Amino acid sequence: MKHFAGIDVGSLTAKAVVIDENNRILGSHIMPVGQDSLAAGMNAYAQALVKAGLKKEDVAAVVSTGYSRKRFTEATMQKTEISCHARGVSVVFPKVATLIDVGGQDSKAMKIGKDGKVLDFAMNDKCAAGTGRFVDVMAHALNLTLGGLSDAALSFKEELTLSSTCTVFGESEVISLLSQGQSVPDISWAIIKSIADRLVSLVKRVGIEQDIAMSGGMAKNRALVSRLEDRIGFDIHVPGEPQIMGAFGAAVIAKGE
Amino acid sequence: MTKFRVSETMKEMMASYYLEAKNAAYNHVPVAWITSGGPVEFLHAMGVIPVYPENYAPMCSITRVSKDLIEVSEAAGYSSDLCSYARTDIGADMTQGGPILGLPKPDMLIVGTNICHTVVKWFEVHARKYNVPLFIIDMPYLHDGMTKEAINYVVGQFEAFKTFLATTLKRPFEEEKFREALFLAAQVSELWEKVLAMGKKRPSPLNSFDTFIHLAPIVTLRGTQRAVDYYTQFYNELEELTAQGFGSVPDEKIRLLWDNLPIWYKIKYLSEFFAQHKAAFVVSTYTNSWAAIQGNIDTDHALEELARAYLSPYINRDFKYRIDYLVRLIEEFSLDGIVFHSDRSCKPYSLGQYMIKEEVTKRTGKPGLIIEADMNDPRVFSDAQFETRAEAFLEGLEK
Ligand SMILES: Nc1ncnc2c1ncn2[C@@H]1O[C@H](COP(=O)(O)OP(=O)(O)OP(=O)(O)O)[C@@H](O)[C@H]1O
Ligand code: SF4
Ligand SMILES: [Mg+2]
């Protein structure tokens, strides 16, 4: 049996996945990128190999992806995370036609054709509004963990609106809402709504077509997925571990080469 | 970027053009600053040297000084939302900076609004500083195709422009020389069109990064014999190259259209990036605009024809026209897709691109990519963000 690997080093986290010929995930690992993206990627890869009980020599091909993809000169090939997320998710959900990948710095909406081929895509412009970074900063301001912010948002009572989509101004707005005595769940929900609104207009640029799926670390934010489903009007399929879909897709692409 | 034999000729020609302009005052020759879509034939008729802030601004960008010049004008209070050509030019004027240490002092300023209205306010700044007359030729945006009214409206202003020149220069307007300039300008535009049509060849002997550079003479020297000679030479060289099967992008696999202005300070990087991916820009709406300015001079209605020509550039046309035009180019140039540069500075060019892209894809099945950048302000460009978007787009085009 041959083995393949994908390494996805994004703007915030490094992910690695090792698969077999049947696309079965044998080992995976997620860790923060930190200062050195190459080291983080190699580290994540080493951990994924350990979990799979394999050695580097057992792996037939590796594809690197994500912002730092070009640093992995040892990789068999480099592909953008757009192609990789699309490929990975289409293995998990073969009927996917629209995919939303929201990571730390970028949000992407993709229109997907047969075999996970990307027909069209849209990306946020150069600004962290509508990305994971926005939520991370807000969670920090509210003194919550990421899961905590999502849970809090789901128990909101009153509809508040965050007027700023800018991360910097948004943070000061959150602090002033707190000082006005607004509750943490209500503010959390306002944050989720603001980011969901940005994402909906992004998805509309490529057109909303069923089935719809979501990947990237932000797909773990249950409040966000639920708000997006309400706004779009359809169910959103989320893979068991959405954050590693880019690395998984990269491994699947490695197999094809 | 491709090294042509004529590339050297162009360098020499542009150098002597700027030298003449710089020495104009010494030689008692009047200088006019004029916008890129301004009707330069009138100036040539009167022996006025036209000088283009919109040519000098990209020169500053390519030589990597636009950022510093932009910072100068921003520090003086000009908004960062203002077109970066204006910010570069005003900064260059304030400091007498850039590759030729500032443009020669103008004797008059000529604005055509067939590109945008920013140019009006921008040239007004210069008019106040230099205390010279400013002549504005209002060329209305064609919301609904070419109309007789628009043409007549512009013809009226062309007549007034003749009077303005005669009054300002205190000598009669030279109709004979005007006819000659019209004749030469029409010839140049026709030659430029033929040069650009070489992009239809597969592989294409030239690409848009080449034509962006070789655009300089048609912008600055349209209406002169020099420009006619130059593009004749260029065209002949291209014919030779195609006969040898030469492609400007080695192993050309993907054929693309570039929409909007170039990203000047990144032109070398972009040219290498796309060449590495075997993608050639074989046509661009931007360079095509100077082929559109093509007056028919074999007529008694030369001014009408000239007005029609100057109203024609892509940037002055409505969205429906733009969509039909792009669809036609996809067909004519056998394109695989379109790259839309969404230019933060140039609102009239960038407005509507998302919708245009969607419509064109719907009609042709050919995808588009939008790149957010700016033609002259390098602070807006991020290599990593660009590469992710562009590579994803090219991965989708791989056959
Ligand atoms: N358990 C969780 N609950 C909610 N959100 C989470 C959780 N874990 C991670 N996230 C979100 O995921 C984001 C990171 O996602 P991901 O790892 O996909 O980003 P990336 O690939 O590094 O970034 P990019 O693709 O933009 O370069 C974080 O900003 C965080 O908001
Ligand atoms: S770049 Fe656009 S906004 Fe700037 S002067 Fe040219 S047409 Fe006007
Ligand atoms: Mg990612």
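In chain B, the side chains of Glu74(B) and Arg379(B) meet in a salt bridge with an N to O distance of 2.7 Å, a salt bridge being a side-chain nitrogen of Lys or Arg within 4 Å of a carboxyl oxygen of Asp or Glu. This pair links distant parts of the chain, since Glu74(B) belongs to helix α4 (residues 66-75) and Arg379(B) to the loop between β8 (368-373) and α18 (383-397), 305 residues apart; helices (H or I, at least four residues) and strands (E, at least two) are DSSP runs, numbered from the N terminus.

The model is predicted, so local features need pLDDT of at least 70 and side-chain atom pairs count only at pLDDT 80 or more, whereas totals for chains, interfaces and linings use all residues. Residues are numbered from 1 along each chain as its sequence is written, chains are lettered from A and ligands numbered from 1 in the order in which they are written, and side-chain values use heavy atoms, with hydrogens and water left out.

Lys200(B) and Glu332(B) also form a salt bridge, their closest N and O atoms being 4.0 Å apart. Lys200(B) lies in the loop between α8 (175-197) and α9 (208-213) of chain B and Glu332(B) in helix α15 (residues 319-332), so the pair ties together parts that are 132 residues apart in sequence.

Over all chains, the count by this rule comes to 39 salt bridges. One of them, with an N to O distance of 3.2 Å, is formed by the side chains of Asp120(A) and Lys357(B); Asp120(A) lies in strand β8 of chain A and Lys357(B) in helix α17 (residues 353-364) of chain B, so the pair joins two chains.

The table gives relative accessible areas, where buried means under 20%, exposed over 50%, and partly exposed in between (1.4 Å probe, protein chains only).

| Residue | Relative accessible area | Class |
|---|---|---|
| Glu74(B) | 23% | partly exposed |
| Arg379(B) | 37% | partly exposed |
| Lys200(B) | 38% | partly exposed |
| Glu332(B) | 35% | partly exposed |
| Asp120(A) | 16% | buried |
| Lys357(B) | 10% | buried |

Turning to the interface, 21 residues of chain A are in contact (heavy atoms within 4.5 Å) with 20 residues of chain B. The two chains bury about 1700 Å² between them, 43% of it on carbon and sulfur atoms, where buried area is the accessible area (1.4 Å probe) that two parts lose on being put together, summed over both. The rule finds five salt bridges across the interface of chain A and chain B. Arg69(A), Lys70(A), Glu387(B) and Glu391(B) are linked in a network of salt bridges.
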